[in-house]
Structures are given as structure tokens and as C-alpha cells.
Amino acid sequence: MKLLSNSMQTFETQITVSNQHLDMLNHVNNVQYVQWVQDIAEQHWNARATPEILDTFYWVMLSHHIRYKGEAILNDVITLKTFVTKAEGVKSTRVVEIYNQQTNKLLTTSETEWCLMSKTTHRPTRITPEIATLFS
């Protein structure tokens, strides 16, 4: 197992909860949290990877575990933080933490396993040192 260094590159973004994010109980729908996990992973990849890397590789989700710890409601400003904890072979593990920005309360954590794919063959491909260093 290749663990990345303790100085992992953390990527953050903020979102203000809107009506479209809410369920019938008037808090953020669980499915919306999953969408945000996928969205921030994609944003992080696009922000760090070079155009050549983006033209050559893409990621697919292999497994996803999410733990709900609190709820967000309309107009809450939430902070999403993500970082990669390990990269080995063709797989990497990404953590996403979602916080209420006003209270700094942790709302959700997730751990997702991703597989690096070749755009040419559409098959798994080994994580190159260049890609691994994008997130360490």
C-alpha cells in the first residue's frame, strides 16, 4: 500500500444550500451529498492535472462509503474538503469531508475508491508517479 505524505493536497470549495438540494424534510437530500462528493473529486482532478494528463486518463468510482453525521438546511453555507489518502497500482482512495461553515460542524464524511482508466483503451491503468504527486 502506498500511503501519500501527511502534507496531502487538500482541495476545498463552498456551496450555499438552495431549494434544489432539499428533500421533503427540508434538509439536504442524502443523494445530494453523494453528488457533491463526486463533483469535488472531479473539480480537484481538473484543477491539479495537466491538459496532457486530462487528455490521457479518467477515473471511475469503484466503491463509496458515506457516513452522515448532521444535516444542512436552506441557506447554510457548507465547505467541502477533499484529499487523496493512498494511491497504489490502478486505485486511489479519496476522502471528502463536508462541514457547516458557520458552526464548523462535520456533516458528512466519505471514503471512495477510484480506478484510473486509459482514455485510449478504456481499461484500468497504473497510476504514474506524475499523477500520484498531484495529490501528495
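**Stop one: a pair of strands**

Select β2 and strand β5 (residues 105-118): these two pair in the antiparallel sense over 11 bridges. Keep in mind as you look that this is a predicted model. Now click on serine 63, and you'll find glutamate 113 of β5 standing opposite.

**Stop two: the whole sheet**

Next, bring in the other strands. Five strands form an open sheet, in the order β1-β3-β4-β5-β2, with antiparallel pairing. β1 (11-16) and β2 stand at the edges with a single partner strand each, so one side of each has no neighbour in the sheet. From one strand to the next, the twist averages 25°.

**Stop three: the helix across it**

Show α1 (30-48). This helix lies across β1, β2, β3, β4 and β5, and runs at about 140° to β2.

**Stop four: the pocket**

Which residues lie nearest the centre of the largest pocket? Select Ala41, Glu42, Trp45, Trp59 and Trp114; they belong to a lining of 20 residues. The space inside is about 290 Å³. By class, the lining has 14 nonpolar, three polar and three charged residues. α1 gives the most, with five residues, while β2 (57-68), β3 (77-88), β4 (91-100) and α3 (129-133) are among the elements that each supply at least two.

**Last stop: confidence**

Colour by pLDDT. The chain's mean is 93, and 94% of its residues reach 70 or more. Then select residues 1-7, where pLDDT stays under 50.

Terms used. Residues are numbered from 1 along each chain as its sequence is written. This is a predicted model: local features need pLDDT of at least 70, side-chain atom pairs count only at pLDDT 80 or more; totals for chains, interfaces and linings use all residues. Side-chain values use heavy atoms; hydrogens and water are left out. On a 1 Å grid over the protein atoms alone, a cavity is a set of points where a 1.4 Å probe fits but cannot get out, and a pocket is an open set with protein on both sides within 12 Å along at least five of seven lines; lining residues have an atom within 4 Å of a point. Grid points are joined across faces, edges and corners, and a volume is the space filled by probe spheres set on the points. Helices (H or I, at least four residues) and strands (E, at least two) are DSSP runs, numbered from the N terminus. Ala, Val, Leu, Ile, Met, Phe, Trp, Tyr, Cys and Pro count as nonpolar, Asp, Glu, Lys and Arg as charged, and the others, Gly among them, as polar. pLDDT is the predictor's confidence in each residue, from 0 to 100. Contact means heavy atoms within 4.5 Å. Two strands pair if DSSP finds at least two bridges between them. Axes are lines fitted to C-alpha atoms, for helices over the stretch in contact, and angles run from 0 to 180 degrees between N-to-C directions.
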